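Dear colleague,

I am handing over the structure shown below, together with a summary of what was found in it. Please read the summary with the structure open.

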Amino acid sequence: MEQRTAHLIADVLIEALPYIQRFKGKTVVVKFGGNAMVDEALKNSFARDIVLMKLVGLNPIVIHGGGPQIGQLLAKLGKTSDFVDGMRVTDSETMDVVEMVLGGLVNKDIVNLINRNGGKAVGLTGKDGDFIRARKLHIESKDKLDPRQPEIIDLGHVGEVASIDPAVVNMLGCSDFIPVIAPIGVGEDGQSYNINADLVAGKVAEILKAEKLILLTNTPGILDKQGSLLTGLTLKDVDDLIADGTISGGMIPKTRCATDAIKGGVSRVHIIDGRVEHAVLLELFTNQGVGTLLLNR
């Protein structure tokens with residue numbers, strides 16, 4: 001039994017070898033969210049994945065969300081959350097909580113996990129080193145009585161990425177450190193803005209010319225209408241799947257984030273199941289993978 005186990009381990013390492021060789025020195029941006037952020041076993045497997053990536057020569061950059069944790073603290077404070085198109089309306093008080101949770105509790109928890117597993121993680125927000133410049137996000141009401149005069153909905157301190165200065169991340173990535181980034185940006189007026197973590201991950205991957213962008217989700221990936229996993233998708237495939245309703249709901253903005261990153265120069269994007277232990281390693285270093293691969297072709 002022990003000899004068989006040893007052979008299995010050797011087979012796994014041999015399968016991983018060409019991928020390790022191919023990606024050595026490359027930047028991989030990983031968006032960490034969903035169940036993987038709240039399940040202790042999944043959190044630890046994710047941390048080990050990131051540490052191993054760094055040790056074999058890749059440059060992982062982690063960008064995380066934290067919506068459920070923000071909601072829990074707001075509820076404890078007796079503050080209700082309103083959502084428009086899946087985005088939390090964020091007044092000044094809520095923004096204080098967002099910064100406390102994303103930039104403090106969640107960020108430092110991930111940093112601590114990676115460090116406990118042998119890595120050297122450093123926590124950042126977009127305000128550090130003027131890393132993420134944001135602008136206020138404006139959205140139009142879908143219930144327009146007069147299409148010529150659309151209603152603009154004010155979401156408060158909800159932003160979008162205006163620009164990214166990668167200097168601080170490049171400095172960390174070229175050393176032994178692993179950047180862990182909370183998606184908080186700063187506007188020209190000095191105001192803080194809460195930005196969707198998928199969007200930040202996509203923009204960071206674009207600016208850094210990342211080899212890969214990996215988005216962890218609570219689904220196996222992009223599924224067809226029969227529930228089977230789709231992979232090896234092109235940009236045209238994605239457009240067709242959205243047009244015929246196969247990709248719908250919350251998967252549309254995530255998929256658009258992936259295709260925008262590809263158009264911006266990212267070689268490959270993976271949408272993978274964060275509920276699977278070691279999902280990141282399985283997608284990166286095995287022939288089969290565990291999610292949907294989107295290609296630039």
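Please note that the model is a predicted one.

Salt bridges

E160 forms a salt bridge with R135, and the closest N and O atoms are 3.1 Å apart. Because E160 belongs to strand 7 (residues 152-164) and R135 to strand 6 (residues 132-140), the pair ties together parts that are 25 residues apart in sequence. R135 is likewise partly exposed, at 43% relative accessibility.

How many salt bridges does a search of the whole structure find? The search gives 13. One of them joins the side chains of D91 and K79, with 3.0 Å from N to O. This pair links distant parts of the chain, 12 residues apart: D91 is in the loop between strand 4 (87-88) and helix 4 (92-116), while K79 is in the loop between helix 3 (67-76) and strand 3 (83-84). D91 is partly exposed at 35% relative accessibility, and K79 is partly exposed with a relative accessible area of 23%.

A further salt bridge brings together the side chains of D273 and R275, at 2.8 Å from N to O. Here D273 is buried, with a relative accessible area of 7%, whereas R275 is partly exposed, with 39%.

Seven strands make up an open sheet of mixed pairing, in the order 5-8-2-1-11-12-13. Its edges are strand 5 (121-125) and strand 13 (291-295), each of which pairs on one side only. From one strand to the next, the twist averages 20°. Within the sheet, strand 11 (residues 212-217) and strand 12 (residues 268-273) run parallel and are joined by six bridges. L216 stands opposite I272 in strand 12.

Aromatic pairs

Two aromatic pairs are found in a search of the whole structure. One of them, formed by F32 and F46, is stacked, with 3.9 Å centre to centre and 5° between the planes. The pair links distant parts of the chain, since F32 is in strand 1 (residues 27-32) and F46 is in helix 2 (residues 40-55), 14 residues apart.

With kind regards

Definitions and conventions
Residues numbered from 1 in each chain as written. Predicted model: local features only at pLDDT ≥ 70, side-chain atom pairs only at ≥ 80, totals over all residues. Heavy atoms only, no water. Phe/Tyr/Trp six-rings, centres within 6.5 Å; stacked < 30°, edge-to-face > 60°. Helix = DSSP H or I, 4+ residues; strand = E, 2+ residues; numbered from the N terminus. Pairing = 2+ DSSP bridges. Axes fitted to C-alpha atoms, helices over the stretch in contact; angles between N-to-C directions. Salt bridge = Lys/Arg side-chain N within 4 Å of Asp/Glu carboxyl O. Buried < 20%, exposed > 50% of the residue type's maximum accessible area, 1.4 Å probe, protein only.
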